[in-house]
Each structure stands twice: as structure tokens, then as C-alpha cells.
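Dear colleague,

Please find the structure for your review directly below. My notes on its contents follow.

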Amino acid sequence: MIATVLVAVGIGYVCGSLPFGLWLGRWFRGVDVRTLGSGNLGATNVFRELGPGLGIATMVLDMLKGTLPVMFVMRSDAAATFPAGPEALGIVTALAAVLGHMFTFLAGFRGGKGVATTAGVVLALFPLAWLIAGSTFTLTVALSRYISLGSILGALAFATVVALTARGPHAGLQIGFAVAVALLIIARHHENLRRLARGEERRISWRGSHPA
């Protein structure tokens with residue numbers, strides 16, 4: 001059982017650690033996105049500094065590195081015989097993937113803020129919460145053009161939906177995971193919260209800073 005958990009954690013963390021924002025910036029622009037803008041590897045900074053094309057590509061890839069390992073682990077033979085069940089193993093993998101994105105060993109443990117990868121694991125585990133949190137994010141960004149505010153409210157919406165709908169033997173694990181991830185995302189946005197409070201947060205420009 002311990003070996004199975006360690007393998008799941010390893011798969012999640014390694015997949016989550018893939019720094020697509022860093023790689024796409026180097027391959028297509030010849031730059032290290034960590035030296036630009038906020039210095040973040042996430043899709044928002046890539047979008048702002050390298051253009052919508054690379055920003056959207058980073059977002060999609062960062063989501064997939066959350067969704068795919070969780071689905072792979074949950075459908076594996078090991079998950080089928082895991083005493084706590086496939087869902088519990090999937091949640092372990094999901095948390096490892098989110099942490100891998102935030103603290104990637106492939107980029108000096110300087111990763112992103114976890115939003116896209118969290119969206120990916122939530123899609124695999126909690127489709128209803130994904131839909132509501134995604135709608136909250138989209139509406140907030142559309143009205144305010146603050147990606148950070150949309151991310152924070154989306155994270156809170158995710159945790160709230162899971163807390164209200166969790167059922168069965170893994171309800172406590174589901175709620176614990178949702179609350180932990182929401183708090184991690186909010187903590188990673190602490191500088192954005194300060195800028196929002198001061199009225200200094202940058203709004204997103206749909207054209208980005210450079211051509212795609």
C-alpha cells in the first residue's frame with residue numbers, strides 16, 4: 001500500500017513539475033519567462049509577456065499535466081486493488097501534481113501559482129465543481145479583467161462546492177483536499193492580493209504584450 005502511494009505521488013509530482021511555460025518561452029522566443037513580468041512560470045505571465053498563443057498553449061498543457069496523471073493512476077491496476085479505493089489514490093496524485101507545478105524541481109523549485117494544474121485535476125475528480133469554479137473564474141475575469149481575482153474566487157468556489165456536495169467514505173478526504181488546494185492558491189497570490197488592495201494590480205489585455 002505504501003509503495004502504491006509513493007508511486008502515485010511520484011507520477012503526480014513529476015508530471016506536475018513539467019515547466020511548459022519555461023520550455024515554450026525558450027523554444028519559441030528564446031527567453032526565460034522567469035526573467036519577465038512577474039517571474040512566474042504560469043500561463044498568465046506567459047500570456048502577458050509572450051503573447052496569447054503561447055499563453056493559451058501553456059494553460060492547456062498545464063491543465064493536462066494535472067488531468068492525465070490523475071486519470072492514469074485512477075484507472076491503473078494498482079488503483080483497482082488499492083484498499084482505500086481509486087478515488088483516494090487519485091486525490092493523492094492530484095495534490096502531488098499541484099505541488100509539482102508550484103514547486104517544480106526542473107526549474108529550481110520556482111513554479112506557477114497552481115491554477116491551471118488545479119483546474120486539470122479538478123476536472124478529473126470533481127466535474128461539477130470544475131464547472132462551477134470555472135464559470136466563477138471566467139465571469140470574474142470577463143467583468144474585472146483581473147486574472148488573480150478570478151483565480152482566487154474560483155478556488156473558493158471549488159472548495160465551497162466540494163464542501164457542500166461531498167458524500168460517502170471519502171467525503172473528509174475530498175473536503176480536506178479542496179480546502180488545502182484553495183488555501184495554497186490563495187497563498188500563492190498573496191502579492192496579487194496586496195496589489196488589488198492598493199489598486200495596483202495589472203488587468204489582463206486580451207492581445208497580450210507581444211504578437212502570438
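I begin with a charged pair: R198 forms a salt bridge with E200, and their closest N and O atoms are 2.9 Å apart. The term salt bridge denotes a side-chain nitrogen of Lys or Arg within 4 Å of a carboxyl oxygen of Asp or Glu. Salt bridges that share partners also join R26, D32 and R34 into one network. E200 counts as partly exposed because its relative accessibility is 46%; buried means under 20% relative accessible area, exposed over 50%, and partly exposed in between, with a 1.4 Å probe and protein chains only.

Please note that this is a predicted model, in which local features need pLDDT of at least 70 and side-chain atom pairs count only at pLDDT 80 or more, while totals for chains, interfaces and linings use all residues. Residues are numbered from 1 along each chain as its sequence is written, and side-chain values use heavy atoms, with hydrogens and water left out.

Salt bridges

The structure holds 6 salt bridges. One of them joins the side chains of R202 and E49, at 3.5 Å from N to O. This pair links distant parts of the chain, 153 residues apart: R202 lies in the segment after α11 (190-198), and E49 in helix α3 (residues 43-50). Helices here are DSSP runs of H or I with at least four residues, numbered from the N terminus. R202 is partly exposed at 41% relative accessibility, whereas E49 is buried at 14%.

Another salt bridge brings together the side chains of E201 and R195, at 2.8 Å from N to O. E201 is buried, with a relative accessibility of 9%, and R195 is partly exposed at 24%.

Helix α10

Helix α10 (residues 171-188) has 18 residues and reaches 26 Å from its first C-alpha to its last, close to the 26 Å expected at 1.5 Å a residue; the expected span is 1.5 Å times one less than the number of residues. Its buried residues are A171, Q174, F177, A178, V181, A182 and I185. They cover an arc of only 135 degrees around the axis, which puts them on the same side of α10; the arc is that of the directions from the helix axis to the C-beta atoms. The face turned away from this buried side carries the exposed residues G172 and L183. Among the elements that cover the buried residues of α10 are α6 (86-102), α7 (115-125) and α9 (147-165), where contact means heavy atoms within 4.5 Å.

Aromatic pairs

Rings of Phe, Tyr and Trp (its six-membered ring) pair if their centres lie within 6.5 Å; planes under 30 degrees apart count as stacked, over 60 as edge-to-face and the rest as tilted. By this rule the count comes to 6 aromatic pairs. W23 and W27 are stacked because their ring centres are 6.0 Å apart and their planes lie at 20 degrees. These two residues are 4 apart in helix α2 (residues 20-29), and are thus separated by about one helical turn. W23 is partly exposed at 25%, while W27 is exposed at 60%.

F158 and F177 form an edge-to-face pair, with 6.4 Å centre to centre and 80 degrees between the planes. This pair links distant parts of the chain, F158 in helix α9 and F177 in helix α10, 19 residues apart. F158 is buried, with a relative accessible area of 4%, and F177 is buried, also with 4%.

Kind regards
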